[in-house]
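Thanks for coming. Please look at the model on the screen while I talk through its sheets, its helices and its pocket.

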Amino acid sequence: MAKTISERDKNSVWHPFTPQLSNEAITIVRGDGALLFDENGNSYVDAISSWWVNVHGHAHAHIAKKISEQANILEHSLFSGFTHKPGVELAEKLLSQFPQMKKVFYSDDGSTSVEVALKMALQYWRNKGKAKTKIIAFENGYHGDTFGSMSVGARTIFTNAFEELLFDVIAIPVPVKGNEKRSIDALKNYMDENTAAFIFEPMIQGAGGMVMYDASALDELVWRCMEKNIITIADEVMTGFGRTGKMFATDHCETKPDIICLSKGLTGGFLPLGATLCTEEIHSAFRTDDKSKTFFHGHSYTGNPLACTAALASLEIFEKENTLKRVGEIAAVFSEWVKEFSVHPEIISARSCGAVFALELKTEGKTEYLNPIAEKVNEFFPKQGIILRPLGNVIYVLPPYCITDEQLGNIIGAIRGFLTLN
């Protein structure tokens, strides 16, 4: 008897962030809008946008059509010494979103976009003859799973196996409400002549538990860095492309960063692509006849034409479908959810920012990724036709913007049901 895909998967595939004695994976065979369908015909509301990448819905016809057309023209070419139309057009389009930025450097994903940013910042100072090396970051941060991005993130279960190999970073408190002064004072205390850069997730720390803080606090921190000529790096991998209510989280800020990292929603959830944008000041340190000051970094699939085409198509949808208007409608719904759950006896905190909603549950364990309540969440919600992947005892909803009001109603109904049972 032929084995199912999930049975074959268990014999051959190693899944990310997954204990190796876990149950069989659910086999997804197709997607449509905010829904995913398994091999048995069951549908699931993708309440977390398939790890935050899908913004317009699954199998969106416009993006699929553009990728198909491009695949018949040029699927890939090397990007060192060569270029192509989709790569140039996307760079121009992204730069038009950030007037302070001058150049776009492509990579493969969010983690590599952060690696590029860190190397760019550190080599900037070396090229200027100063070789500053200290980096400041927020406590509780997460910037990816490559070594540089792990180093600037929090030391957690994700990094324990590699801790002695990570470079040291100064961690300061997150400026959540009531903690702004402590955060600013810590930054001021640690800044010195050897400080190269300050990296942060603007307004929302994603994998750290959807921790949220105001743009005004970030403005103050970035301004302090500008005063001391410290490079600021905004990791917009998760917060970009509408998640916070504006196109980018840094659009809420008066002071702007020197480097911005993008990925996840960049291609609408179709293909992997990272982009690191920098100002003219950063780029100028590499524009020299001294070839030893070249930025020696690259990826085989840098600037892949199919991925760039997907990103261009996604940006077209934002304009044609007035997507940010729908983001505002989802944000209004989430604000009502916050009011409801803020007084719930089983909730530590209910919070939202734009199209991101989070609940921190009261449990016997700590607020951490391995909190045992997560197993109950993972077991309960798929049975309700909903895909949620908790961050320990934090349940969050981060949906594609095409999600319907009925589907949102199904999600909140399931959350109420879970809280009643647990």
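**Sheets, helices and a pocket**

Strand E14 (residues 356–361) and E16 pair in the antiparallel sense over four bridges. Two strands count as paired if DSSP finds at least two bridges between them. Helices (H or I, at least four residues) and strands (E, at least two) are DSSP runs, numbered from the N terminus.

Before I go on, this is a predicted model: local features need pLDDT of at least 70, side-chain atom pairs count only at pLDDT 80 or more, and totals for chains, interfaces and linings use all residues. Residues are numbered from 1 along each chain as its sequence is written, and side-chain values use heavy atoms, with hydrogens and water left out.

Back to that pair. Glutamate 360 has valine 394 in E16 as its bridge partner. The open sheet around them has three strands, in the order E13-E14-E16, with antiparallel pairing. Strand E13 (347–353) and strand E16 (394–397) are the edge strands, and each pairs on one side only. Neighbouring strands here are turned by 10 degrees against each other on average, direction ignored. For such angles, axes are lines fitted to C-alpha atoms, for helices over the stretch in contact, and angles run from 0 to 180 degrees between N-to-C directions. Helix H13 (residues 405–421) packs on this sheet and touches E13, E14 and E16. The direction of H13 makes about 5 degrees with that of E14. Touching, or contact, means heavy atoms within 4.5 Å.

How many strands form the open sheet with mixed pairing? Seven, in the order E4-E12-E11-E10-E7-E5-E6. Strand E4 (103–107) and strand E6 (170–172) stand at its edges with a single partner strand each, so one side of each has no neighbour in the sheet. From one strand to the next, the twist averages 20 degrees. Inside this sheet, strand E5 (residues 134–138) and strand E7 (residues 195–200) run parallel and are joined by four bridges. Isoleucine 135 has alanine 197 in E7 as its bridge partner. Helix H7 packs on the sheet as well, touching E5, E6 and E7, and its direction makes about 155 degrees with that of E6.

H7 also has a helix beside it. Helix H7 (residues 180–190) and helix H8 (residues 215–227) pack at an angle of about 10 degrees, with their axes 10 Å apart. H7 and H8 are therefore roughly parallel to each other; the cut-offs are under 35 degrees for roughly parallel, over 145 for roughly antiparallel, 65 to 115 for roughly perpendicular, and oblique for the rest. Residues in the contact include Ile184 and Leu187 of H7 and Leu221 and Arg224 of H8.

There is also a hairpin. Strand E1 (residues 28–32) and strand E2 (residues 35–38) run antiparallel, joined by four bridges. Arginine 30 stands opposite phenylalanine 37 in E2. The hairpin has two residues between the strands, and glycine 33 takes a positive phi near 60 degrees.

The largest pocket has a volume of about 1900 Å³. Of its 43 lining residues, the closest to its centre are Phe17, Thr18, Ser22, Asn378 and Arg389. A pocket, on a 1 Å grid over the protein atoms alone, is an open set of points where a 1.4 Å probe fits, with protein on both sides within 12 Å along at least five of seven lines; lining residues have an atom within 4 Å of a point. Grid points are joined across faces, edges and corners, and the volume is the space filled by probe spheres set on the points. H12 gives the most to this lining, with six residues.
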